[in-house]
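User: Got a model open here. Can you walk me through a few spots?

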Amino acid sequence: MESFLEDLKKHVQCSLCNDTLTEPKILPCFHTFCKPCVGRHAELIDQVNVFKCPRCKSQTPLPEPSSVEDLQPSSLHSRILKGLALAKGEKVCSVSENHSPASWYCFECDHSLCQECKKSHSYFIKDHKVVCLADLKKEDIDFIITRENPCKSHPQHRLESFCEDCDDMICVTCWKHNHKDHKTMSLDKFASIKKDALSKHLQVLEQLKLDEKEQQQQEKIAKTIKQQGEKARHEVKEKTKKMIQILQENERELLRQIDEKFDTASTNLNIIPHIPAVEEYIKNMMEKGLASEMINIQGKQCSEKFIFNPIPLSSRIVFIPNQELVQQIEKGLGEIQTHSETDDDDVEIEGKVEVDSQLTAEVQVNENHVSNGMPQQMRVTERFQMKGVPDTHSLTGMIAVNRDNSRLAIGARSVQDKDNCETSSNSSDYQLSTITDCNVHVFKTNGDLILSYDCEESVEEHCHFHGPENLAFLNDTDLVIADWGNHRIGVVNTLTGNLIKTFGNERSVYDEYFYPNGVHVDDDGNIIVCDRDNHLVQVFTRDGDYQYQFGLTTQDNFDPVDVITHDGRFYVSDHYNHVIHVFEKKGKVLTRISTIGGYGSDDGQLSRPCGLAIDNDHHLLVCDADNNRVQKFTLDGRFVGKTDPEAINGPVSVVVLNDGQILVCTSFVVWFVE
C-alpha cells in the first residue's frame with residue numbers, strides 16, 4: 001500500500017513548488033502545474049503576463065486576471081489527488097465543512113462522511129458500501145481513481161454509454177428519457193476506439209526522431225514561417241481593405257451616373273403633362289418679367305424645371321459587370337513570397353501564401369517540401385495475373401474488393417489490341433470477379449470460371465449496362481455498378497449473375513439526369529455516388545432511397561470523380577481542379593473543411609486525381625493519373641510517399657486488401673504495390 005501511494009504521489013508533484021499539486025492546470029504545452037504556481041511565476045512581457053514553462057520553455061499568455069482560472073483543469077491529476085486524500089484520511093465531511101473530519105467513505109454516493117453523518121446515512125440507506133477511511137485498501141483507492149465520472153445531468157448516476165448521434169456521454173437515465181432510439185456504444189468500446197486513434201498519433205510522434213541539428217533547423221523554419229505568416233496576414237488585410245475602398249469608390253461613381261440618368265427621366269415625367277403651362281410661363285417671363293424676377297431662374301434651375309431633354313427611344317440603363325474583375329477576385333488577391341537564409345549550410349526557406357477561397361501555406365527548404373520525415377517510396381512489386389480473361393479484353397480502370405476479400409471486381413472491355421492483356425495463374429487467396437462493358441465474369445484465383453453474365457445479350461433490356469464508370473461491393477456478394485450511360489445505379493448478385501436492383505434513373509428535382517461516376521459504400525451500407533455532370537455527390541440508402549446531396553458553388557467548377565469516407569469525413573477527388581476536397585458534417589450540413597493537393601507535379605501536388613482509398617495505416621491513397629503515380633497523404637493532407645512515375649502508367653483506381661497489400665488498376669493492367 002505504501003509503495004502504491006508513493007507512486008501516486010510522484011504523478012501529482014508540482015515541479016515548481018516540489019509539493020503536491022493544488023488545483024492542477026494543464027498548459028497548452030501539455031505540462032501540468034499548480035494553479036497558484038502558474039499565477040505566481042507569470043512574467044510581464046510586452047505589457048502582457050506570460051507564464052514560461054520551466055520544462056519546455058514555451059510561453060502561455062495570461063492577458064486577463066481570470067486567465068489562470070480559465071486554463072484547462074487536469075481531471076486525471078484531480079482524481080489521483082482525491083484518492084490520495086482519502087487514503088491519508090485528509091477529507092472534510094461532504095455534508096458540511098463545519099462537521100468533524102471525515103472518517104468514512106460511501107462508494108455509491110462518492111461522499112466522505114463524519115461519524116454523525118455516517119450514522120444517519122446507514123440508518124436511511126442500508127445497501128451502500130461504506131468503508132472506514134483507515135481501512136481503505138489499494139483496490140479501493142484504485143477503484144476510486146479509475147471509475148467513470150458522474151453524469152452532469154444526473155449526478156447520482158455514473159456515465160455508462162456514448163451516444164453517437166449526439167456525440168455525448170450519457171447515463172442510464174439519460175438513455176431512458178432522451179436517447180432510447182439513438183445509436184449508442186459502451187464506454188469501454190468508445191475508449192478502445194479513442195485509444196487506437198491515440199496510438200496512431202503516438203506512433204507518428206515516436207517516429208519523429210530529430211537530431212540536435214535537425215531540431216534547430218526545424219525550429220528556425222517554424223519561427224520564420226510564423227513571422228512570414230504574420231506579415232502575410234497583415235498584407236492580406238491591407239490589400240483587401242484597399243480593394244474594398246477602390247470598389248466602393250467605383251460603386252459611388254456608377255451610382256452617380258445612374259442617378260444622373262434617373263433624374264433626367266424624373267424631370268421629363270414631371271414636365272410632359274405640363275408642357276403647355278410651362279411654355280406659357282416662360283413666354284410671360286420673357287415678355288413681362290422684371291430683371292429682379294429673372295435673376296432667380298437662371299442656369300441650373302432653368303434646366304431642371306423648364307428644359308425638356310428628349311431621351312432616345314433606344315436608351316436603356318443596364319449594369320454590365322466587369323467579368324474579368326469578378327474572375328480575378330474569385331482567383332484571389334494574389335500571392336506573397338518572402339525569402340530568408342539561415343546561418344548554417346545556406347538553407348533557403350521559401351514561404352508562399354496564396355489567397356484564394358481559403359488561406360494556404362506552402363513551405364520549402366532548398367526547393368524541397370518540408371516534412372517530418374523522408375517521403376516513403378511506394379514500390380510496385382508484381383502484376384496481378386488474371387487467368388481466364390480473354391486476350392481481347394483490356395481494362396477500364398475500375399476495381400473493387402469486398403470486405404472479406406473473397407471477391408475482387410475489375411472492369412474490362414473488348415478490344416482488338418492483345419499486347420497488354422496477358423494473363424496467368426496467381427498464388428493469391430482471393431477470388432476474382434471481372435466486369436466488362438456488359439459482362440460479369442467470376443473467377444477463383446486459379447482461373448476456374450464460376451459465372452459469366454452477359455448484360456448485352458440479356459433478353460431483358462433493363463439489364464443492359466451502358467458505359468459503367470465505377471464499382472463498389474454492397475456486401476460480400478452484391479456489386480454496385482455506376483451505370484453512367486443509363487443514368488442509374490445497378491446492383492448485380494455475383495453468385496447468380498442477376499441484376500437485382502436499379503435506382504436513380506429518374507430525372508432529379510432540378511430536371512437533370514443522373515450521371516453516376518465514382519461510387520462508394522460506407523460502413524453503414526449507404527451508397528455514395530459522384531454525380532459528375534451535375535457537380536454533386538449524392539447519398540442513398542442501401543435500398544436506393546435518396547437521403548441527401550452536397551457539393552460546392554457553381555464558380556468552383558466541382559468535378560467529383562471518386563469518393564471515400566473515413567471517421568465521418570468525405571474525401572472527394574476533383575478531377576478538373578486537381579485537388580481532394582474534405583467534407584465534414586457540421587450540424588446537418590456537409591461543409592468543406594480543407595483541400596489536399598493542387599495542380600502540379602511536385603510531391604503533394606496532383607494532376608487529374610481519380611481513385612481514392614484509405615490504407616491500413618489510415619493514410620489517404622490518391623491515383624494521380626496524369627502524373628503516372630499513386631501518392632500517399634496523412635488524413636490532414638501532409639504528403640507521405642509515392643510510387644515511381646516510371647512504374648505505373650495512368651493509375652485510375654485503387655483498393656487495399658485486409659493484409660495491407662495495395663492493388664492499383666490502370667487501363668491495361670493491375671499492379672501490386674507496397
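User: What does Glu-160 touch, leaving out residues up to four places away in sequence?
Analyst: Glu-160 touches Ile-170, Cys-171, Val-172, Ser-186 and Leu-187. Contact means heavy atoms within 4.5 Å. This is a predicted model: local features need pLDDT of at least 70, side-chain atom pairs count only at pLDDT 80 or more, and totals for chains, interfaces and linings use all residues. Residues are numbered from 1 along each chain as its sequence is written, and side-chain values use heavy atoms, with hydrogens and water left out.

User: How far apart are the C-alpha atoms of Glu-160 and Leu-187?
Analyst: They are separated by 6.0 Å, with the two residues 27 apart along the chain.

User: Where is Glu-160 found?
Analyst: In the loop between H6 and strand S10 (161-163). Helices (H or I, at least four residues) and strands (E, at least two) are DSSP runs, numbered from the N terminus.

User: New topic. How do H1 and H4 pack?
Analyst: Their angle is about 140°, and their axes are 10 Å apart. Axes are lines fitted to C-alpha atoms, for helices over the stretch in contact, and angles run from 0 to 180 degrees between N-to-C directions.

User: Which residues make that contact?
Analyst: Leu-5, Leu-8, Lys-9 and His-11 of H1, with His-77, Ile-80, Leu-84, Ala-87 and Lys-88 of H4.
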